[in-house]
Amino acid sequence: MIRLVDQPFDPGALLTAFTAERRETGAVATFTGLARAEAGQAQILELEAYPGFTEGQIGLIADEARTRFALHDLTVVHRVGRISPGEAIVFVATAASHRRAAFEACDFLMDYLKSRAPFWKKEHGPGGTRWIEPTAQDHADRERWGR
Amino acid sequence: MARVLLFGPLRDLAGWREQAVDGVTSLSALRERLAADDAELGAALARAGVQVAVDQALVRGDCALAPAAEVAFLPPMSGG
């Protein structure tokens with residue numbers, strides 16, 4: 001499941017739903033990303049997506065992750081719109097037979113989401129607004145996977 | 001009538017998010033029209049790193065536009 005949501009979500013509820021009724025999955029790994037306050041510099045984070053296109057592009061990477069890590073299932077839930085510090089921005093869950101594949105797939109998906117997914121991110125702070133681009137570290141993280 | 005969508009910093013630069021443009025049958029003609037209306041936007045749309053999606057599929061170079069095409073200009077993606 002790949003979903004964009006414009007309201008706060010409960011990562012725990014997503015995990016509970018994701019783990020329900022599995023008999024062959026031995027490992028579920030999750031990652032939850034939260035909006036940071038940056039010591040007051042980031043009062044609001046505004047995330048823009050291109051509805052339909054953004055889910056489609058994430059879906060292509062999700063398909064790659066499914067094959068590469070032999071996943072049983074995965075979920076990506078991503079916030080859009082105005083996000084306050086402390087709120088969850090992204091939730092990724094992966095299910096596999098064993099833990100290594102579940103951990104690595106989660107890491108792989110997050111490196112893509114942080115560096116190349118079709119989102120545009122604006123930070124609203126005390127001094128005004130600024131558009132944020134991926135850091136060199138974000139790109140280096142993605143390149144670990146040969147992408 | 002093509003439906004043109006701008007995202008991220010391009011939207012701030014242009015001051016609009018969505019616009020209907022009449023009578024253009026190719027992406028290059030659409031670019032010329034937008035540049036004629038707003039030279040600064042035209043230059044920004046032509047910058048390296050700005051991708052174009054027509055009906056939600058990425059395209060490279062020029063292409064024909066169907067009458068009801070949706071054309072999105074995508075500045076460098078920031079990730080989530």
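**View 1. Chain A is built from four helices and eight strands.** Helices here are DSSP runs of H or I with at least four residues, strands are runs of E with at least two, and both are numbered from the N terminus. Starting at the N terminus, the order is β-α-β-β-α-β-β-β-α-β-β-α. Chain A has a radius of gyration of 16 Å, close to the 15 Å from the globule rule for 147 residues, so it is as compact as a globular protein of that length. That radius is taken over C-alpha atoms, and the rule is 2.2 Å times the number of residues to the power 0.38. This is a predicted model, where local features need pLDDT of at least 70, side-chain atom pairs count only at pLDDT 80 or more, and totals for chains, interfaces and linings use all residues. Residues are numbered from 1 along each chain as its sequence is written, chains are lettered from A and ligands numbered from 1 in the order written, and side-chain values use heavy atoms, leaving out hydrogens and water.

**View 2. Here's L14(A), sitting in helix α1 (residues 11-19) of chain A.** With 16% relative accessibility, L14(A) counts as buried (under 20% relative accessible area; exposed is over 50%, partly exposed in between; 1.4 Å probe, protein chains only).

**View 3. Who touches L14(A)?** Setting aside neighbours within four places in sequence, L14(A) is in contact with R3(A), F9(A), V77(A) and F91(A); contact means heavy atoms within 4.5 Å.
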